[in-house]
Amino acid sequence: MGRKLQGKNISKKRNAEKETNKFVLQKRKQLGVLVEKVLKITSVFQTPSNVLKIWDKHLEIDSIIKDIIYIEDSLSNKNPKTERNLNVEKYINWLHENGAQFEGVEISSFDGYDLGLKATKDFPEDSLILTVPSKVMMTEKDALESDLGAFIKVDPVLMNMPNITLALFLLLEKSKPDSFWKPYIDILPQDYTTILYFTLQELFELKPSPVFESSLKLYRSISRQYAYFYNRIHSMDIPVLKDLQDIFTFENYRWAVSTVMTRQNIIHLADSATNAFIPLWDMCNHEHGKITTDFNKEKDQGECYALREFKAGEQIFIFYGGRSNADLFLHNGFVYPNNQHDTLSLSLGVSSGDVARETRLLLLGKLGLAGVTHFNLYQGDSPISPELLAFIRIFNMNQEELKKWSAEGLPGDLVSSDPSSVELVGAELDRRAYTYLLTRCKLIHASYKKNPDESPPDTAHRKNIKLLKQCEVQILDGAIKYLENILEKLPTTDK
């Protein structure tokens, strides 16, 4: 009787395993079909140029990705989320054990920042705050020397995009309970405020910001990367890819890519430059200032100096570089108010119906601007970039002016706002050019008009969207004021 019961139990177990395998195969087949749809819909040949059509295409991509996430969730065993704060002590011990030095610094929570670094003593400006040995950095070089190297050497995307290499390497190390970098990985955020985590409604609320279109293109690119690597991982006979098969999901890839976008840096090691995660240092948040971090090749360590005086109890900031809020929003998931390096991108071009189109393009080509379709307005007292100034002048030239300037070898005066150059260009042309840009800026400004039914931001994403738009309107306000002032000073007729 006992043997019969045992036999039945074994039989039930085998049947259960068969059903499980059947379920997995069925789901993998469904995933394969969806992945092919993503590849097709995100191909270069399918990419529209009109922003409304790009949005329609995004709705299709988003719908398929949601189906993919649903199926992948049914196939994976998700680990329960743990608070980052619970892993701080192990992380600090790991850093000390491996030679990092950060006396007078502790990891702390800050309102609006999550975790950051706090000074527990005074640091004078330019004083050394912390050092991070290359040993604890996770680099592209580490990926090449790991099992993943066999895949990197045969994949054209990974050979040319070290940031994606770092994302896949991070996923592999995250899946290893004995990874050397486990204390570092366990302290990383479990999700991010990058646009890859935005809902459809939140993305749509980015309009009319030019970042709306940039966000859709970035999401499309990451979706295509996911589909491309899903196919490679499940079709190529390379041992390391077997380890990736169960952990390579859209959600995991989105997380790894966001980690790279928000934290990677390029460091110059003894022999070459490499993309890297730099533990501890990458917990510093951004503040306007100067670059005060460097890699010491002799000591084989990264060094961080105080960009200003920090008092005990203050948060320690570093300067991420002269980047616009559009860049910070897209790739880091935050907006920095009063950003002195902020810009607003204007989409401008010569119409295909313009009878003088070829002449204008030839003239733009002499200045290296023939293929340029986006021009910057800057924050501050000089909002018009030289490239934009040249474009609006060429765009507003009549036939006689086009003929005159086309005869010039290199029409360098067209990019200059210097008084002597303005005199050569002519007051009438500049009046047409500046009036055209002023009208364009006012139209764009009007499109930011606040919706009276708009509710206050209720998520970190919406707060960033609101702040981004406010900064863009400030740039437009400055440009409008500048252009009106220029037009007031221009003489009514040429001399």
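Colleague: What is the strand order in the open sheet of 3 strands?
Modeller: The order is β4-β6-β5, with antiparallel pairing; strands are DSSP E runs of at least two residues, numbered from the N terminus, and two of them pair if DSSP finds at least two bridges between them. This is a predicted model, where local features need pLDDT of at least 70, side-chain atom pairs count only at pLDDT 80 or more, and totals for chains, interfaces and linings use all residues. Residues are numbered from 1 along each chain as its sequence is written, and side-chain values use heavy atoms, leaving out hydrogens and water.

Colleague: Which are the edge strands?
Modeller: Those are β4 (138-139) and β5 (265-268), and each pairs on one side only.

Colleague: How many bridges join β5 to β6?
Modeller: There are 4, and β6 covers residues 273-277. Across that antiparallel pair, I266 stands opposite N275.

Colleague: Switching to the whole thing, how many helices and strands does the protein chain have?
Modeller: It has 19 helices and 12 strands, with helices being DSSP H or I runs of at least four residues.

Colleague: And what does the C-alpha trace span?
Modeller: About 110 × 55 × 50 Å along its principal axes.

Colleague: What share of the residues is buried?
Modeller: Of the 495 residues in the protein chain, 46% are buried, meaning under 20% relative accessible area with a 1.4 Å probe, protein chains only.

Colleague: Last one: how many positive and negative side chains are there?
Modeller: The protein chain has 61 positive (Lys and Arg) and 66 negative (Asp and Glu), with His and the chain ends not counted.

Terms used:
Buried < 20%, exposed > 50% of the residue type's maximum accessible area, 1.4 Å probe, protein only. Charge placed at Lys NZ, Arg CZ, Asp CG, Glu CD.
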